[in-house]
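Have a look at the chain first.

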Amino acid sequence: MANTIRKLKNKHKKKKLQAEKKKLAKQKGMSVDEYADDYERKLSRHKRNIVKKTVITVVAIAAAVTAVGFYIEKRSYHNYKVVQSSEQEDVVSTNYVEMDGDILRYSSDEVSLVSDKMSTLWSETYQMQNPIADVNGTRAVIADKDGNTLEIYDKSGKTGSVTTSYSIIKARVSKSGLVAAILDGGDDTWIDFYSTDGSLIAENQTKVDDPGYPLDIAISEDGVVMMVTYQFVDGSDTTSYVAFYNFGDVGQNEDDRIVSGYKYEGVVVPQIQYLDNNRSVALKDNGFTLYQGSQIPKETKTVEVDKEIVSTFLDNDMIGLVFKNDSKDKQYTMEVYTTDGNLKFTQDFNIPYTTIKLSDGNILMYNSSQMCVMNSRGVQKYLGSVDGTIKDFFKIGWNRYLLVLDSGVDVIKLS
(Lines give C-alpha, C1' and ligand atoms only; values in the text may rest on other atoms or scores of the structure.)
Protein backbone atom coordinates (compact mmCIF):
# COMPACT_ATOMS: atom_id res chain seq x y z
CA MET A 1 0.00 0.00 0.00
CA ALA A 2 2.82 2.41 0.97
CA ASN A 3 4.67 1.70 -2.32
CA THR A 4 1.49 2.39 -4.31
CA ILE A 5 0.97 5.74 -2.58
CA ARG A 6 4.64 6.65 -3.16
CA LYS A 7 4.34 5.79 -6.89
CA LEU A 8 1.18 7.90 -7.22
CA LYS A 9 2.94 10.86 -5.54
CA ASN A 10 5.97 10.57 -7.85
CA LYS A 11 3.68 10.34 -10.89
CA HIS A 12 1.85 13.45 -9.74
CA LYS A 13 5.14 15.32 -9.28
CA LYS A 14 6.29 14.36 -12.78
CA LYS A 15 3.04 15.58 -14.32
CA LYS A 16 3.25 18.83 -12.40
CA LEU A 17 6.89 19.34 -13.45
CA GLN A 18 6.06 18.58 -17.09
CA ALA A 19 3.22 21.08 -17.01
CA GLU A 20 5.53 23.71 -15.51
CA LYS A 21 8.08 23.08 -18.29
CA LYS A 22 5.37 23.51 -21.00
CA LYS A 23 4.22 26.75 -19.41
CA LEU A 24 7.78 28.20 -19.24
CA ALA A 25 8.59 27.00 -22.78
CA LYS A 26 5.44 28.69 -24.11
CA GLN A 27 6.39 31.96 -22.38
CA LYS A 28 9.80 31.88 -24.11
CA GLY A 29 8.35 30.82 -27.46
CA MET A 30 10.12 27.48 -27.40
CA SER A 31 9.17 23.86 -27.67
CA VAL A 32 9.53 21.72 -24.56
CA ASP A 33 12.67 20.02 -25.98
CA GLU A 34 14.24 23.37 -26.92
CA TYR A 35 13.51 24.70 -23.45
CA ALA A 36 15.06 21.56 -21.83
CA ASP A 37 18.26 21.95 -23.92
CA ASP A 38 18.51 25.64 -23.02
CA TYR A 39 18.00 24.83 -19.35
CA GLU A 40 20.76 22.18 -19.43
CA ARG A 41 23.20 24.64 -21.08
CA LYS A 42 22.50 27.30 -18.46
CA LEU A 43 22.81 24.75 -15.65
CA SER A 44 26.14 23.51 -17.03
CA ARG A 45 27.40 27.11 -17.36
CA HIS A 46 26.32 27.82 -13.77
CA LYS A 47 28.17 24.75 -12.48
CA ARG A 48 31.33 25.77 -14.38
CA ASN A 49 31.16 29.27 -12.87
CA ILE A 50 30.81 27.80 -9.38
CA VAL A 51 33.84 25.51 -9.93
CA LYS A 52 35.83 28.43 -11.35
CA LYS A 53 35.00 30.67 -8.37
CA THR A 54 35.87 27.86 -5.96
CA VAL A 55 39.24 27.28 -7.64
CA ILE A 56 39.99 31.02 -7.62
CA THR A 57 39.07 31.21 -3.92
CA VAL A 58 41.24 28.19 -3.03
CA VAL A 59 44.19 29.57 -5.02
CA ALA A 60 43.78 32.99 -3.37
CA ILE A 61 43.71 31.43 0.11
CA ALA A 62 46.75 29.26 -0.68
CA ALA A 63 48.62 32.30 -2.02
CA ALA A 64 47.74 34.28 1.12
CA VAL A 65 48.89 31.44 3.39
CA THR A 66 52.12 31.10 1.39
CA ALA A 67 52.69 34.86 1.57
CA VAL A 68 52.11 34.89 5.34
CA GLY A 69 54.39 31.86 5.77
CA PHE A 70 57.09 33.50 3.64
CA TYR A 71 56.75 36.72 5.65
CA ILE A 72 57.05 34.87 8.94
CA GLU A 73 59.95 32.81 7.57
CA LYS A 74 61.94 35.83 6.40
CA ARG A 75 60.88 38.37 9.01
CA SER A 76 63.62 39.57 11.33
CA TYR A 77 63.20 41.30 14.69
CA HIS A 78 65.23 44.17 16.09
CA ASN A 79 63.95 44.42 19.66
CA TYR A 80 62.26 42.38 22.32
CA LYS A 81 59.77 43.18 25.04
CA VAL A 82 59.46 41.65 28.48
CA VAL A 83 56.02 40.09 28.99
CA GLN A 84 56.73 38.52 32.37
CA SER A 85 59.45 39.24 34.91
CA SER A 86 60.56 37.55 38.13
CA GLU A 87 63.30 39.52 39.86
CA GLN A 88 63.10 37.50 43.08
CA GLU A 89 64.64 34.43 41.46
CA ASP A 90 67.92 33.19 42.92
CA VAL A 91 69.55 32.85 39.51
CA VAL A 92 73.03 32.31 40.97
CA SER A 93 72.19 28.88 42.40
CA THR A 94 69.12 27.99 40.25
CA ASN A 95 69.02 26.32 36.85
CA TYR A 96 66.22 26.18 34.30
CA VAL A 97 65.29 23.74 31.54
CA GLU A 98 62.26 23.50 29.26
CA MET A 99 59.95 20.57 30.04
CA ASP A 100 57.10 19.92 27.61
CA GLY A 101 55.91 23.54 27.47
CA ASP A 102 56.66 24.30 31.12
CA ILE A 103 59.92 25.10 32.93
CA LEU A 104 61.77 22.82 35.33
CA ARG A 105 63.55 24.99 37.89
CA TYR A 106 66.08 23.29 40.16
CA SER A 107 68.76 24.13 42.71
CA SER A 108 70.76 22.28 45.37
CA ASP A 109 67.78 21.91 47.71
CA GLU A 110 64.59 22.22 45.62
CA VAL A 111 62.99 21.47 42.27
CA SER A 112 59.76 22.95 40.93
CA LEU A 113 57.77 22.95 37.74
CA VAL A 114 56.57 26.40 36.70
CA SER A 115 54.41 27.62 33.84
CA ASP A 116 55.58 30.03 31.15
CA LYS A 117 54.05 32.75 33.33
CA MET A 118 56.39 31.66 36.15
CA SER A 119 53.60 30.37 38.40
CA THR A 120 54.58 27.27 40.42
CA LEU A 121 52.74 24.05 39.49
CA TRP A 122 54.49 21.84 42.07
CA SER A 123 57.71 21.72 44.09
CA GLU A 124 59.82 19.10 45.88
CA THR A 125 62.81 19.35 48.22
CA TYR A 126 66.04 17.34 48.42
CA GLN A 127 69.69 17.89 49.33
CA MET A 128 72.39 17.90 46.64
CA GLN A 129 75.79 19.51 46.26
CA ASN A 130 76.01 19.67 42.48
CA PRO A 131 72.62 18.97 40.80
CA ILE A 132 72.52 18.18 37.08
CA ALA A 133 69.31 17.53 35.13
CA ASP A 134 68.23 15.64 32.04
CA VAL A 135 64.77 16.15 30.54
CA ASN A 136 63.09 14.06 27.86
CA GLY A 137 59.55 15.08 26.97
CA THR A 138 57.45 14.85 30.13
CA ARG A 139 60.14 13.03 32.14
CA ALA A 140 63.13 14.33 34.09
CA VAL A 141 65.96 13.11 36.30
CA ILE A 142 68.02 15.28 38.63
CA ALA A 143 71.30 13.78 39.83
CA ASP A 144 73.87 14.91 42.35
CA LYS A 145 77.03 14.83 40.26
CA ASP A 146 79.88 13.23 42.26
CA GLY A 147 77.23 12.38 44.88
CA ASN A 148 74.85 9.45 45.35
CA THR A 149 71.32 10.83 44.88
CA LEU A 150 68.99 10.49 41.89
CA GLU A 151 65.48 12.01 41.82
CA ILE A 152 63.03 11.02 39.06
CA TYR A 153 60.06 13.20 38.00
CA ASP A 154 57.22 13.57 35.54
CA LYS A 155 54.84 16.51 34.91
CA SER A 156 52.91 15.66 38.10
CA GLY A 157 55.88 15.49 40.48
CA LYS A 158 58.32 12.92 41.86
CA THR A 159 57.95 9.29 40.75
CA GLY A 160 61.05 7.75 42.34
CA SER A 161 64.30 8.23 44.23
CA VAL A 162 67.63 6.38 44.19
CA THR A 163 70.67 6.26 46.46
CA THR A 164 73.50 4.89 44.35
CA SER A 165 76.37 2.70 45.55
CA TYR A 166 78.97 4.84 43.79
CA SER A 167 79.31 8.50 42.87
CA ILE A 168 77.32 9.68 39.87
CA ILE A 169 79.10 10.83 36.71
CA LYS A 170 76.12 11.22 34.38
CA ALA A 171 72.40 10.36 34.27
CA ARG A 172 69.92 10.16 31.39
CA VAL A 173 66.15 9.64 31.26
CA SER A 174 64.02 8.10 28.50
CA LYS A 175 60.65 9.38 27.30
CA SER A 176 59.04 6.56 29.26
CA GLY A 177 60.81 7.64 32.47
CA LEU A 178 63.46 4.91 32.77
CA VAL A 179 66.85 6.20 33.94
CA ALA A 180 70.42 5.14 33.18
CA ALA A 181 73.40 6.38 35.18
CA ILE A 182 77.18 6.13 34.84
CA LEU A 183 78.76 5.58 38.25
CA ASP A 184 82.39 5.93 39.31
CA GLY A 185 83.52 2.80 41.16
CA GLY A 186 87.18 3.74 41.42
CA ASP A 187 89.14 1.36 39.20
CA ASP A 188 85.92 0.36 37.42
CA THR A 189 82.77 2.15 36.34
CA TRP A 190 79.21 0.97 36.57
CA ILE A 191 76.21 1.57 34.34
CA ASP A 192 72.97 1.16 36.29
CA PHE A 193 69.47 1.07 34.84
CA TYR A 194 66.43 2.11 36.93
CA SER A 195 62.66 2.03 36.56
CA THR A 196 60.46 5.12 37.01
CA ASP A 197 60.07 4.41 40.75
CA GLY A 198 63.84 4.10 41.23
CA SER A 199 64.06 0.32 41.54
CA LEU A 200 67.16 -1.25 39.95
CA ILE A 201 66.53 -3.05 36.65
CA ALA A 202 70.10 -3.95 35.71
CA GLU A 203 73.71 -3.06 36.44
CA ASN A 204 76.80 -3.53 34.34
CA GLN A 205 80.42 -3.27 35.45
CA THR A 206 82.83 -1.84 32.89
CA LYS A 207 86.63 -1.77 32.84
CA VAL A 208 88.93 0.72 31.20
CA ASP A 209 90.37 -1.91 28.88
CA ASP A 210 87.13 -3.81 28.19
CA PRO A 211 84.91 -2.39 26.84
CA GLY A 212 86.38 1.01 27.87
CA TYR A 213 85.49 4.12 29.81
CA PRO A 214 81.83 5.16 29.28
CA LEU A 215 81.42 8.70 27.97
CA ASP A 216 77.67 8.93 27.40
CA ILE A 217 74.45 6.93 27.56
CA ALA A 218 71.04 7.11 25.87
CA ILE A 219 67.83 5.12 26.20
CA SER A 220 65.19 4.24 23.59
CA GLU A 221 61.74 5.72 24.13
CA ASP A 222 60.26 2.42 25.32
CA GLY A 223 63.25 1.74 27.59
CA VAL A 224 64.10 -1.60 25.94
CA VAL A 225 67.48 -0.61 24.47
CA MET A 226 70.28 1.34 26.14
CA MET A 227 73.03 2.87 24.00
CA VAL A 228 76.50 3.46 25.49
CA THR A 229 79.62 5.02 24.00
CA TYR A 230 82.97 3.86 25.38
CA GLN A 231 86.51 5.06 24.82
CA PHE A 232 89.67 2.99 25.22
CA VAL A 233 93.28 3.05 24.09
CA ASP A 234 94.24 0.41 21.55
CA GLY A 235 98.02 0.54 21.24
CA SER A 236 98.77 4.19 20.60
CA ASP A 237 95.37 5.00 19.10
CA THR A 238 92.19 6.13 20.80
CA THR A 239 89.29 3.90 19.83
CA SER A 240 85.59 4.33 20.52
CA TYR A 241 83.00 1.61 20.89
CA VAL A 242 79.24 2.19 20.62
CA ALA A 243 77.23 -0.64 22.18
CA PHE A 244 73.50 -1.38 22.26
CA TYR A 245 72.12 -3.30 25.25
CA ASN A 246 68.71 -4.93 24.86
CA PHE A 247 66.86 -5.57 28.15
CA GLY A 248 63.94 -7.33 26.45
CA ASP A 249 63.55 -10.88 25.18
CA VAL A 250 65.85 -10.28 22.20
CA GLY A 251 68.85 -9.56 24.42
CA GLN A 252 68.45 -12.23 27.09
CA ASN A 253 70.69 -14.78 25.35
CA GLU A 254 73.41 -12.31 24.33
CA ASP A 255 76.63 -11.73 26.30
CA ASP A 256 76.00 -8.78 28.65
CA ARG A 257 72.80 -8.27 26.59
CA ILE A 258 74.81 -6.49 23.86
CA VAL A 259 72.87 -7.06 20.61
CA SER A 260 75.07 -4.87 18.38
CA GLY A 261 78.25 -2.83 18.71
CA TYR A 262 80.55 -0.74 16.50
CA LYS A 263 84.22 0.22 16.87
CA TYR A 264 85.62 3.49 15.50
CA GLU A 265 89.40 3.57 15.42
CA GLY A 266 91.12 6.89 16.01
CA VAL A 267 87.77 8.57 16.69
CA VAL A 268 86.20 10.03 19.84
CA VAL A 269 82.43 9.67 20.30
CA PRO A 270 81.55 12.05 23.17
CA GLN A 271 77.77 12.27 22.66
CA ILE A 272 74.93 9.93 21.70
CA GLN A 273 71.17 10.40 21.58
CA TYR A 274 67.98 8.60 20.65
CA LEU A 275 65.98 10.51 18.02
CA ASP A 276 62.89 8.32 18.41
CA ASN A 277 62.25 4.73 19.43
CA ASN A 278 63.87 3.31 16.29
CA ARG A 279 66.62 5.81 15.47
CA SER A 280 69.69 7.06 17.29
CA VAL A 281 72.83 9.06 16.53
CA ALA A 282 76.45 9.11 17.66
CA LEU A 283 78.22 12.47 17.38
CA LYS A 284 81.90 11.94 16.61
CA ASP A 285 84.87 14.26 16.40
CA ASN A 286 84.81 13.78 12.61
CA GLY A 287 81.05 13.81 11.96
CA PHE A 288 78.20 11.55 13.02
CA THR A 289 76.70 8.09 12.47
CA LEU A 290 72.99 7.23 12.38
CA TYR A 291 71.52 3.91 13.52
CA GLN A 292 68.12 2.31 13.07
CA GLY A 293 66.31 -0.60 14.68
CA SER A 294 64.07 -0.94 17.72
CA GLN A 295 65.60 -4.26 18.86
CA ILE A 296 68.98 -4.66 17.14
CA PRO A 297 70.16 -1.22 15.94
CA LYS A 298 72.26 -1.13 12.77
CA GLU A 299 74.34 1.59 11.14
CA THR A 300 72.39 3.34 8.39
CA LYS A 301 74.48 6.36 7.41
CA THR A 302 77.74 8.07 8.36
CA VAL A 303 78.59 11.69 7.62
CA GLU A 304 82.29 12.53 7.87
CA VAL A 305 83.89 15.98 7.66
CA ASP A 306 87.51 16.95 7.18
CA LYS A 307 87.35 20.11 9.29
CA GLU A 308 87.74 20.44 13.04
CA ILE A 309 84.35 20.50 14.75
CA VAL A 310 84.20 23.19 17.44
CA SER A 311 80.53 22.77 18.46
CA THR A 312 77.61 20.42 17.90
CA PHE A 313 73.88 20.77 18.52
CA LEU A 314 70.93 18.48 17.82
CA ASP A 315 67.30 17.63 18.48
CA ASN A 316 64.94 15.00 17.08
CA ASP A 317 64.82 16.72 13.66
CA MET A 318 68.22 18.35 13.04
CA ILE A 319 71.93 17.79 13.64
CA GLY A 320 74.28 20.78 13.55
CA LEU A 321 78.06 20.98 13.24
CA VAL A 322 80.07 24.21 13.65
CA PHE A 323 83.56 24.80 12.21
CA LYS A 324 86.05 27.64 12.34
CA ASN A 325 86.05 29.79 9.22
CA ASP A 326 89.14 31.35 7.66
CA SER A 327 87.17 34.44 6.62
CA LYS A 328 87.72 37.59 8.68
CA ASP A 329 84.10 38.67 8.16
CA LYS A 330 82.54 35.33 9.08
CA GLN A 331 84.29 33.56 11.94
CA TYR A 332 82.21 30.35 11.86
CA THR A 333 80.42 28.03 9.46
CA MET A 334 77.55 25.79 10.49
CA GLU A 335 76.30 22.78 8.59
CA VAL A 336 72.82 21.60 9.54
CA TYR A 337 71.60 18.14 8.55
CA THR A 338 68.28 16.34 8.73
CA THR A 339 68.18 13.29 10.96
CA ASP A 340 68.29 11.21 7.76
CA GLY A 341 71.82 12.53 7.25
CA ASN A 342 71.03 14.90 4.37
CA LEU A 343 72.54 18.40 4.35
CA LYS A 344 69.79 20.93 5.01
CA PHE A 345 71.78 24.18 4.78
CA THR A 346 75.19 25.74 5.31
CA GLN A 347 75.51 29.14 6.96
CA ASP A 348 78.48 31.39 7.68
CA PHE A 349 78.15 33.64 10.72
CA ASN A 350 80.19 35.89 12.97
CA ILE A 351 78.59 35.65 16.41
CA PRO A 352 81.04 35.19 19.32
CA TYR A 353 78.87 32.62 21.08
CA THR A 354 79.72 30.58 24.16
CA THR A 355 76.58 28.41 23.92
CA ILE A 356 74.78 27.09 20.84
CA LYS A 357 71.76 24.80 20.97
CA LEU A 358 68.47 23.84 19.37
CA SER A 359 65.36 24.89 21.26
CA ASP A 360 61.88 24.13 19.90
CA GLY A 361 63.14 24.15 16.31
CA ASN A 362 65.18 27.35 16.64
CA ILE A 363 68.97 27.64 16.72
CA LEU A 364 69.93 29.77 19.72
CA MET A 365 73.36 31.27 20.30
CA TYR A 366 74.46 33.50 23.14
CA ASN A 367 77.33 34.77 25.22
CA SER A 368 77.25 36.82 28.40
CA SER A 369 75.76 39.91 26.73
CA GLN A 370 74.48 38.96 23.25
CA MET A 371 71.90 36.53 21.93
CA CYS A 372 70.96 35.36 18.45
CA VAL A 373 67.94 33.44 17.15
CA MET A 374 67.97 31.55 13.83
CA ASN A 375 65.09 29.53 12.43
CA SER A 376 65.36 25.95 11.15
CA ARG A 377 66.45 27.20 7.70
CA GLY A 378 69.30 29.36 8.97
CA VAL A 379 67.46 32.69 8.66
CA GLN A 380 68.61 35.08 11.38
CA LYS A 381 65.51 36.25 13.26
CA TYR A 382 67.17 38.31 15.97
CA LEU A 383 70.60 39.49 17.07
CA GLY A 384 71.04 41.91 19.92
CA SER A 385 72.58 42.82 23.25
CA VAL A 386 70.94 42.80 26.67
CA ASP A 387 71.45 44.71 29.89
CA GLY A 388 72.90 42.29 32.39
CA THR A 389 74.66 38.96 32.14
CA ILE A 390 72.97 36.09 30.30
CA LYS A 391 73.01 32.80 32.21
CA ASP A 392 70.58 30.85 30.02
CA PHE A 393 68.24 31.35 27.09
CA PHE A 394 65.71 29.00 25.52
CA LYS A 395 62.40 28.98 23.65
CA ILE A 396 59.18 28.18 25.54
CA GLY A 397 56.48 28.89 22.90
CA TRP A 398 55.71 30.66 19.65
CA ASN A 399 57.88 33.79 19.75
CA ARG A 400 58.27 33.39 23.52
CA TYR A 401 61.64 32.84 25.17
CA LEU A 402 62.95 32.48 28.70
CA LEU A 403 65.88 34.81 29.32
CA VAL A 404 67.78 34.08 32.54
CA LEU A 405 69.92 37.04 33.62
CA ASP A 406 72.04 37.63 36.69
CA SER A 407 69.34 40.08 37.84
CA GLY A 408 66.30 37.81 37.39
CA VAL A 409 64.24 35.82 34.92
CA ASP A 410 62.28 37.33 32.04
CA VAL A 411 59.79 35.88 29.60
CA ILE A 412 60.30 37.85 26.39
CA LYS A 413 58.77 38.26 22.91
CA LEU A 414 60.75 39.41 19.89
CA SER A 415 59.36 42.57 18.32
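Q: What kind of model is this, and what does the chain hold?
A: It's a predicted model. The chain has 2 helices and 32 strands, and 44% of its 415 residues count as buried.

Q: What makes β10 and β11 a pair of strands?
A: Two strands pair if there are at least two bridges between them. Strand β10 (residues 167-173) and strand β11 (residues 179-185) are joined by 6 bridges, so they pass, and they run antiparallel. For one of those bridges, look at I168: its partner in β11 is L183.

Q: What do β10 and β11 form, and how many residues sit between them?
A: They form a hairpin, with 5 residues between the two strands. G177 is in the turn and has a positive phi of about 95°.

Q: How do you know that β22 and β23 pair?
A: Try the cut-off of at least two bridges again. Strand β22 (residues 309-314) and strand β23 (residues 318-324) have 5 bridges joining them, so they count as a pair, an antiparallel one. L314 has I319 as its bridge partner in β23. These two strands also make a hairpin, this time with 3 residues between them.

Q: Why are β14 and β17 called edge strands?
A: The open sheet here has 4 strands in the order β14-β15-β16-β17, paired antiparallel. β14 (213-219) and β17 (258-265) each pair on one side only, and they are the edge strands. On average, neighbouring strands of this sheet are turned by 20° against each other, ignoring direction.

Q: How do you know that β14 pairs with β15?
A: Count the bridges: β14 and strand β15 (residues 225-234) share 6 in the antiparallel sense, and at least two are needed. So the two strands pair. As an example, D216 is bridged to T229 in β15.

Q: Why is the pair of Y332 and F349 called stacked?
A: The structure holds 13 aromatic pairs, and Y332 with F349 is one of them. Ring centres must lie within 6.5 Å to pair, and planes under 30 degrees apart count as stacked.

Q: What does the pair of Y332 and F349 tie together?
A: Y332 belongs to strand β24 (residues 332-338) and F349 to strand β25 (residues 343-349), so the pair ties together parts that are 17 residues apart in sequence.

Q: Why do Y332 and F349 count as buried?
A: Buried means under 20% relative accessible area. Y332 has 9%, so it counts as buried. F349 has 2%, so it's buried too.

Q: What makes F393 and Y401 a stacked pair?
A: Their centres are 5.5 Å apart and the angle between the planes is 25°. Those values are inside the limits of 6.5 Å and 30 degrees, so the pair is stacked. F393 and Y401 are both buried.

Q: Which residues do ring pairs link into a cluster?
A: F244, Y262 and Y291.

Q: How do you know that K284 and K307 sit over rings?
A: Part of the test is a distance: NZ of Lys has to be within 6 Å of the ring centre. K284 lies over the face of Y264, 4.3 Å from the ring centre. The charged end of K307 is 4.4 Å from the centre of the F323 ring and sits over it.

Key. Residues are numbered from 1 along each chain as its sequence is written. This is a predicted model: local features need pLDDT of at least 70, side-chain atom pairs count only at pLDDT 80 or more; totals for chains, interfaces and linings use all residues. Side-chain values use heavy atoms; hydrogens and water are left out. Axes are lines fitted to C-alpha atoms, for helices over the stretch in contact, and angles run from 0 to 180 degrees between N-to-C directions. Buried means under 20% relative accessible area, exposed over 50%, partly exposed in between (1.4 Å probe, protein chains only). Rings of Phe, Tyr and Trp (its six-membered ring) pair if their centres lie within 6.5 Å; planes under 30 degrees apart count as stacked, over 60 as edge-to-face and the rest as tilted. A charge sits over a ring if NZ of Lys or CZ of Arg is within 6 Å of the ring centre and within 35 degrees of the ring normal.
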